[in-house]
Amino acid sequence: MAVLHDTNTRPDADAYSNPNKEVSESPEEDFDKPSEVEKRIRRKVDLRLCTIAGLLCSLNLLDSGIISSAAVTSMPQDLGLTGDRFSVSIFIFTVSSIIFQLPSTILVRIVGPRPFFATATVCFGLITFCTAFIRTWRQMIALRVLLGIAMSGIYPGLTYLISTWYTRSEQQLRFAFLQCGQVLVLATGSIVNFGLNRLDGHTKFRGWQWMFMVQGAITIFFGILTYFWIVDFPEQSLNSLFFLTPEEASQAVLRIQRDRKDAEAPEPLRFRSILVHFLDPKIYAFCALFFSMNIVSTALSYFLPTILQSGMGFSTDKAILLSAPPYYYSVIPVLFSSLVGDRYRLRGPIIIFNSLCLIVGFSMLGFPSQVTVRYVGTYLATGAYISNWAALNAYQANNITGQWKRATVAAAVAACNGLGCIAGSYIVRSTEAPSYITAIWVSIGSHILIILIVSTCTIIFWRANEKQKRFGKIIEGVVGFRYTY
């Protein structure tokens, strides 16, 4: 038995998938040719984790769907959301979420995924439900603060949990599954919001109130289901209900250990265990990437119905309905780009291609006067930023090791997601209708920045990998580990 470093056949692929695996005499145990046990584990994890994670992130994202749909109903007048108050309600939600993201992500590791995600989901479902009964914009602001706290750990916590279960060559497709669930629910939510808004005037509740009540009740239901369905971390997988056998649980840990040696329970939490990771320059590059992407994500997810109504002249009902198809379309590019990314172990080129597509999409949305061309631009832009969400998550998860580092980076990039949300909530200015030129140029500029950062990281990662191959340089504290780009 020998430790595998460089070989004469497929050195980069072997180092990528299992840099520290001991060479086995049995082909069945080769990590690039997974055994039936490993295939069965992946199927079970896909079924149990990706499904509920997609639902929880979808319910998290539905908040933006409700707010954006309600913004073109009577809600602004009913609550007095005049001037910048609507943008402030988005801003204050994001601020409270950012503040609590790192502690919440650490809490996932301490208390476990089942109690954490179930409690958090039920709480933000209750807050969403209660939003239907507010009467003033001040009450809206107060509930948005609470909502930000309740939701703060959902996205980074699930990103962290998924990254612990899959090898680096499997991660982008799983993040794509997560994203597909999100966008399909968000798109369907727009159609549901259209139907609920039709109840306006036929009951004592306004259309926007029905949106909050119905979707809040759905969230509470799935929060309760989460406790029984979601799985624990790999080394604690036997605590999950009706999940893995002891043999499968052992193999689940082994395959992650062979890939990057961070499947075991982390060292006891110390303040230094978190702060030390902020000395790594990569974390700031990843944060800048997510910040730049989420400027666009917020501008589209929160303001697309407004752009369709005020910028393209569609009625309220049509604006709500037409905001759904771009999200259904986005499933195609996100799955295709993720399959290519995992198959050929590419991250940077995929991110750059998606960024170029987004630049073209926003150029079509902002500069022509023809409505059809502008609407097609929303498809390109939406598909590109959603595809990049999966690619960027795989990019950061592939290039770090260690449990506390994963938790720290997941929370940090989620916080910068939130900062991008703050910026994105202010770039769509009603006074600039129909072209919204500030939003167009900021979105284009942010993705030029993404291309520059990824190109720089690619050069740095390539040089580090060359040193590892030639001189045995240790990367990320793991012998044989190589960066993915």
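Tutor: Helices here are DSSP runs of H or I with at least four residues, strands are runs of E with at least two, and both are numbered from the N terminus. The model is predicted, so local features need pLDDT of at least 70 and side-chain atom pairs count only at pLDDT 80 or more, while totals for chains, interfaces and linings use all residues. Residues are numbered from 1 along each chain as its sequence is written, and side-chain values use heavy atoms, with hydrogens and water left out.

Let us begin with the loop between α9 (207-229) and α10 (246-260), where phenylalanine 242 lies. Phenylalanine 242 is not a glycine, yet its phi is positive, about 50 degrees. With a relative accessible area of 81%, phenylalanine 242 is exposed (over 50%; buried is under 20% and partly exposed in between, with a 1.4 Å probe and protein chains only).

Lysine 261 is not a glycine either, and its phi is positive at about 55 degrees. Lysine 261 has a relative accessible area of 48% and therefore counts as partly exposed.

A further loop, between α17 (403-427) and α18 (437-471), holds proline 434. The peptide bond that joins alanine 433 to proline 434 is cis, with an omega of about 5 degrees.

The helices themselves also meet. The axes of α7 (residues 154-165) and α16 (residues 371-398) come within 11 Å and cross at roughly 60 degrees (axes are lines fitted to C-alpha atoms over the stretch in contact, with angles from 0 to 180 degrees between N-to-C directions).

Finally, we turn to the cysteines. The model has zero disulfides (a disulfide is a pair of cysteine sulfur atoms within 2.5 Å). For cysteine 57, the nearest cysteine sulfur belongs to cysteine 50 and is 11 Å away. Cysteine 57 counts as buried because its relative accessibility is 2%. Cysteine 457 is also buried, at 10% relative accessible area. The closest cysteine sulfur to that of cysteine 457 is in cysteine 287, and the 12 Å between them is too far for a bond.
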